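Dear colleague,

Please find below the structure that I am handing over to you. My findings follow directly after it.

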Amino acid sequence: NISTATTTQIVALSGSTQIYVTGIAIVAGGTGNVTIVYGTGSACGTGTTSISGAMPLVANSGFALGSGLGPVIVLPAGQALCITTSAAVQMSGFVTYTQF
């Protein structure tokens with residue numbers, strides 16, 4: 001759950017392993033953009049790279065990717081997964097992943 005305009009770390013980096021996202025879903029409590037990013041440092045603050053463009057959402061709308069059976073996003077080794085939100089509205093959801 002994210003309720004501020006910020007970048008929030010969802011999955012921490014782990015040395016030389018890669019993050020394989022197998023599912024992600026987000027539902028907005030209000031109007032705002034969501035961008036999926038990766039990077040290092042606190043909340044992906046270093047080397048931040050966008051995986052998606054800014055996805056505009058309005059209240060009670062959202063999106064879902066993947067079924068949990070195979071990767072829909074694969075991050076480079078040694079990177080954390082983060083989500084950037086553009087507005088101080090509730091963004092709720094989940095991420096399923098494996099890391100190796």
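In what follows, a contact means heavy atoms within 4.5 Å. The model is a predicted one, in which local features need pLDDT of at least 70 and side-chain atom pairs count only at pLDDT 80 or more, while totals for chains, interfaces and linings use all residues. Residues are numbered from 1 along each chain as its sequence is written, and side-chain values use heavy atoms, with hydrogens and water left out.

The protein chain has nine strands and zero helices; these are DSSP runs, numbered from the N terminus, with at least two residues (E) for a strand and at least four (H or I) for a helix. Of its 100 residues, 36% are buried, where buried means under 20% relative accessible area, exposed over 50% and partly exposed in between, with a 1.4 Å probe and protein chains only. Among the contacts with a separation of 6 or more, 81% link residues 24 or more positions apart.

Asn1 lies in the segment before strand S1 (7–11) and counts as exposed because its relative accessibility is 75%. Beyond its neighbours within four places in sequence, Asn1 is in contact with Gln90, Met91, Ser92 and Gly93. The side chain of Asn1 makes polar contacts with the side chains of Gln90, at 3.4 Å, and Ser92, at 2.8 Å. A polar contact is a pair of N or O atoms within 3.5 Å; within protein, one must be able to donate a hydrogen and the other to accept it, and residues adjacent in sequence count only if both atoms are side-chain atoms.

Yours sincerely
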